[in-house]
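Subject: Structure handover

Hello,

Here is the structure for your files. My notes on it follow below.

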Amino acid sequence: MDGFTPWPADLEARYRAEGYWGDRLLGDVLNPGVLRSDPGRTALVAGAERIGYGELDRRAARTAAGFLRLGVRRGDRVVVQLPNTAGFVVAFLALARIGAAPVLALPAHRESEIRYLCELADARAYVTSAADGDFDYREMARSLPVEHVVVDGDAQEFTALADLDADPVEPPRPDPSDVGVLLLSGGTTGLPKLIPRTHRDYVYNLEASAEVCGFTRDTVYLVVLPAAHNFALACPGLLGVLAAGGTVVLAPSGSPDEAFPLIERERVTACAVVPPIALLWLDAATWSEEDLSSLELLQVGGAKFAADRAAEVPGVLGCAVQQVFGMAEGLLNYTRLDDPRELAERTQGRPLSPADEIRVVDADGAPVAPGEVGELLTRGPYTLRGYYRAPEHNARSFTPDGFYRTGDLVRELPSGHLVVEGREKDQINRGGDKISAEELEHHLLAHPAVHDAAVVGVPDPVLGERTCAFLVLRPPPAEPPTLAAVRAFLRGRGVAAYKFPDRLEHADAFPRTPVGKVSKKELAARLDG
Ligand code: OOB
């Protein structure tokens, strides 16, 4: 695939020789042993539907043939924007089988993001659902630059996902080194970036994760984060569970009202959440009547989980807590199931793979003294070597020897565990949702009353951070736009709602650093108190 940076030959040879990379394809992750010996075993519970391994395999094969008949081919990109439904899993496996790479958008994305993704990826098709509340995805789809729109549900003039149903054919098999999926980066620039993940690196990612998390056929895993997010998809996520032969239960959200009854009914053993959901669960568990005793493991990641709250998990929820510090770009850090409590509570885990290489460096790129805080750089068998079709950005995001600059500030303990101490990148982490300050500033600058805009994170007890937009208005001072008006403006531009500012401040001018950049530190300091 063009726009994809492969690993250099010596590392490729090493990752293959040492067994990190095999020949398994993402379309074949369903546990082969279960498929053979126990095809009736439940793979997926989605709403009222219970789908066995054999049935899921059959549906994936028939849908794959349907995609081929539609004209989707190996090497094509297909933007997929589906909520936590069986359709997501079927579409993902079907596309993987024909070697077309799904571009995984979040259900919250709107026209500005989806149009950009279709253009950047030159997508052959867009797969979506009918509507969510009063938002109609089909209406948005009408103006997108794609050949085919496939709808999971009432398709109107488009193709229904259920109608992509044809007798299975033997499709041309993708190569394990092909790009199998394109994940969205949290973003630090004006435009979102795509992360190419190959079949072999992503299969390693999910299988090694399943092993570290002790997932087996007995695992019952609840998906509450968007299935399109790396954490819920492959860390070990729903794909890791299907590879282990367990059962995946899909929930529409992490709200205790929806998740707790499912935990009780399905005897859920494991779940991945972001810290704000973990906090909600800790509160709700004290008064809820549901039986949560089946829970064995709560994975918490996406943003830093406070040590004192992590310490409450075993007592309140009756399960172990595992911190996960990961990124769609690759590197995953997990606290291990047998780590002493101190490490499980106070650190964000250690690298998944013995082949993960870690450097903690100062502003000049030199290694810091052991235990000091510095920027985390990494490379390894499942960490990207370049964003998709982004040569200029790649020149800045990687060292000459291929280490990815994470923009995260960490401290490494003698045990290899990392403690996340902050961030260098111009991004807001709003309870695990990542917002590129530059992207939001770009949208704000389009407002007719705005002369300049700067977006900063404000500490928040639940979300970790909230988003504050500072605006300098154009002279003559127009009526300053209210927060509600700014949000409505962004909605009108088709920006996902999670990126809307929570707070608005006006300034006459922005403070500058000695090199003339807007000093976000100083702006943030204005908000204290
Ligand atoms: C996960 O992936 P992304 O791509 O949405 O965001 C990655 C960034 C990291 O670079 C870091 O800044 C932050 O999110 N982050 C954490 C964290 N986990 C992620 N910061 C502090 N503590 C943590 N535990 O967020 C992601 C991907 C796979 C598994 C888990 C999370």
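Leaving aside neighbours within four places in sequence, which residues is His443 in contact with? They are Ser112, Phe489, Leu490, Arg493 and Val495. His443 itself sits in helix H15, which runs over residues 437-445. With a relative accessible area of 7%, His443 is buried, because the cut-off for that class is under 20%. Please keep in mind throughout that this is a predicted model.

Domains

The protein chain is divided into domain 1 (21-202) and domain 2 (427-528). Their C-alpha centres lie 34 Å apart. The contact between them involves 13 residues of domain 1 and 13 residues of domain 2. The size of an interface is often given as the accessible area lost when the parts come together. For domain 1 and domain 2 that buried area is about 960 Å², with 48% of it on carbon and sulfur atoms.

Between the two domains the count is one salt bridge. A salt bridge also pairs Glu113 with Lys499, where the closest N and O atoms are 2.8 Å apart. Across the interface of domain 1 and domain 2, eight residue pairs are in polar contact, both residues being at pLDDT 80 or more. On the side of domain 1 that touches domain 2, the classes are three nonpolar, seven polar and three charged residues.

Salt bridges

The structure holds 41 salt bridges. Three further pairs are worked through here.

Asp28 and Arg173 form one, with the closest N and O atoms 2.9 Å apart. This pair links distant parts of the chain, 145 residues apart. Asp28 is in the loop between helix H1 (9-17) and helix H2 (32-37), and Arg173 is in the loop between E9 and strand E10 (179-184). Both ends are partly exposed: Asp28 has a relative accessibility of 28%, and Arg173 has 46%.

Glu55 and Arg59 form another, at 3.1 Å between the closest N and O atoms. Here both residues lie in helix H3 (residues 53-70), four residues apart, which is about one turn of the helix. Glu55 counts as partly exposed at 29% relative accessibility, and Arg59 counts as partly exposed at 26%.

In the pair Lys520 and Asp426, the side chains meet at 3.1 Å, N to O. Is Lys520 buried or exposed? Lys520 is buried, with a relative accessible area of 19%; the class applies because the cut-off is under 20%. Asp426 is partly exposed, at 31%. Returning to Glu55 and Arg59, salt bridges that share partners join Glu49, Glu55, Arg58 and Arg59 into one network.

Individual positions

Leu82 is placed in the loop between strand E3 (77-81) and helix H4 (86-98). Leu82 counts as buried, with 1% relative accessibility. Leaving aside neighbours within four places in sequence, Leu82 is in contact with Gly87, Phe88, Ala91, Pro107, Val127, Thr128, Ser129 and Asp152. Leu82 and Ala227 are 145 residues apart in sequence, and their C-alpha atoms are 8.4 Å apart in space.

Gly153 is in a loop as well, the one between strand E8 (148-152) and strand E9 (159-160). Gly153 is partly exposed, at a relative accessible area of 41%. The C-alpha atoms of Gly153 and Ala131 are separated by 8.8 Å, with the two residues 22 residues apart along the chain.

Asn333 lies in strand E17 (residues 330-334). At 0% relative accessibility, Asn333 counts as buried. With neighbours within four places in sequence left aside, the contacts of Asn333 are Gln323, Val324, Phe325, Gln348, Gly349, Arg350, Pro351 and Leu418.

Helix H9 (residues 237-244) is mostly covered, with eight of its eight residues buried. The buried residues of H9 include Leu238, Leu239, Val241 and Leu242. Just after H9, Gly245 takes a positive phi of about 90 degrees.

Regards

Note on methods:
Residues numbered from 1 in each chain as written. Predicted model: local features only at pLDDT ≥ 70, side-chain atom pairs only at ≥ 80, totals over all residues. Heavy atoms only, no water. Helix = DSSP H or I, 4+ residues; strand = E, 2+ residues; numbered from the N terminus. Buried < 20%, exposed > 50% of the residue type's maximum accessible area, 1.4 Å probe, protein only. Domains from an automatic or database assignment. Contact = heavy atoms within 4.5 Å. Buried area = accessible area lost by both parts, 1.4 Å probe. Salt bridge = Lys/Arg side-chain N within 4 Å of Asp/Glu carboxyl O. Polar contact = N/O pair within 3.5 Å; in protein donor to acceptor, adjacent residues only side chain to side chain. Nonpolar A, V, L, I, M, F, W, Y, C, P; charged D, E, K, R; others polar.
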